[in-house]
Amino acid sequence: MVEKTITLENISLIDFLGLENQNIKQLAAAFPSSKIISRGNEIKIQGQTPEITKIHEILSSLIEHYHQYGKITDKSVHKFLTADNDFEDDVVITSPDVIVYGSKGGVIKAKTPSQHKLVEAVSKNDLVFALGPAGTGKTFISVAMAVRALKNKEVKKIIISRPVVEAGESLGFLPGDMKDKVDPYLRPIYDALEEMIPVEKLKYYYENKIIEIAPLAYMRGRTLNNAFVLLDEAQNTTPMQIKMFMTRMGPTSKVMINGDRTQIDLPRNQRSGLIEAMTVLKDIKGIGFVEMQAEDVVRHRLVKSIVEAYTKFDDKRQKEREEREKNGDFDNQDAPRRRQNFRRHED
């Protein structure tokens, strides 16, 4: 027997469970082979895997319904019990403030002005660049927008990619097969998806290639049509790679490209494709550009201070080097660091 627990967060229990737990009793009656137990803000489901999966899907849909309409009625429960909604979402997200509802019922929405700009840019453009330092929510908001598009049936699949660039440790020395070697680079994307989609549904999406997560090299030769496509950590692409990726766009696809110009891990003599693309494409209509700053950091308060401190340090060092160059006063030992700094700051 399998047991699963769903935690109801930011939910009025009486409005969700019904008077004397009537809504849960109605759900339990439809699945006599399983047990559904409501205690406080937790609902425990016990039974065999196929039925547990179905019950979990219905409860997840009811949670989304509650967040949109504020209440669950016996008619709502009946609708989800009788609908053919295996791994489909009946609730279309229409709230301007809500991007998507999390797998535990929480609301995922933009928290800062720049995150709001990013959401708006994605709504208005088919190709969007988002640049910003660590902790500004670029990846999380982008994944949320992709999940929203899938739930609203605006696209049929989500494709998420990252360039695999070694930063201090060779892939050849990491244990396991290629998937084992690559997965750590993609872990932030897996984490974001797990916050937004129930585990069983996410597994179904992976198995049926409704959601694909793969290294950038796997995109070559494909046409990405009717899909929401996200390229993360794009500062580590070469000009040829990012051009290859952008030219995969199909006529009904949405594409987001995220990066952080301060965290380029390419070899010192290699130009960042993201930085070059920002310059080449800046005047093309239909492409959105959103720059996120230190004030958009939504992690620990110290992250914002760390980002600001490094920005000031880099700016000061840049000015000093420009002054030395102007006066012809620099030595060869400083040249590699100077080239690296120019590469990371060029517009």
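1. In which sense do strand β6 and β10 pair, parallel or antiparallel, and over how many bridges? Strand β6 (residues 127–131) and β10 pair in the parallel sense, over five bridges; two strands count as paired if DSSP finds at least two bridges between them. Helices (H or I, at least four residues) and strands (E, at least two) are DSSP runs, numbered from the N terminus.

2. On the basis of the note: this is a predicted model, in which local features need pLDDT of at least 70 and side-chain atom pairs count only at pLDDT 80 or more, while totals for chains, interfaces and linings use all residues. Residues are numbered from 1 along each chain as its sequence is written, and side-chain values use heavy atoms, with hydrogens and water left out.

3. The protein chain has twelve helices and eleven strands. Of its 347 residues, 49% are buried (buried: under 20% relative accessible area; exposed: over 50%; partly exposed: in between; 1.4 Å probe, protein chains only). Among contacts between residues at least 6 apart in sequence, 71% join residues at least 24 apart, a contact being heavy atoms within 4.5 Å.

4. Strand β10 (residues 254–259) is mostly covered, with five of its six residues buried. Met 256 in β10 is the bridge partner of Val 128. Strand β9 (residues 227–231) also pairs with β10 in the parallel sense, over four bridges, and here Val 229 has Val 255 as its bridge partner.

5. A separate point concerns an open sheet of three strands, ordered β1-β3-β2, with antiparallel pairing. Its edge strands, β1 (2–7) and β2 (35–39), each pair on one side only. Neighbouring strands of this sheet are turned by 15° against each other on average, direction ignored (axes are lines fitted to C-alpha atoms, for helices over the stretch in contact, and angles run from 0 to 180 degrees between N-to-C directions). Between β2 and strand β3 (residues 42–47) there are five bridges, and Ser 38 has Ile 43 of β3 as its bridge partner.

6. Salt bridges (a side-chain nitrogen of Lys or Arg within 4 Å of a carboxyl oxygen of Asp or Glu) number twelve. Glu 57 pairs with Lys 201, the closest N and O atoms being 3.5 Å apart. Glu 57 is buried at 6% relative accessible area, and Lys 201 is buried at 3%.

7. Helix α3 also supplies Glu 64, which meets Lys 151 of helix α6 (residues 138–151), so parts 87 residues apart in sequence are tied together. The N to O distance is 2.6 Å. Lys 151 is buried at 4% relative accessibility, as is Glu 64 at 7%.

8. The salt bridge between Lys 124 and Glu 120 (2.8 Å, N to O) is local: the two residues are four apart in helix α5 (residues 113–124), about one helical turn. Lys 124 is exposed at 62% relative accessibility, whereas Glu 120 is partly exposed at 43%. Elsewhere, salt bridges that share partners join Lys 157, Glu 212 and Arg 222 into one network.

9. In helix α8 (residues 199–207), the buried residues include Glu 200, Leu 202 and Tyr 205. Just after α8, Lys 209 takes a positive phi of about 55°.
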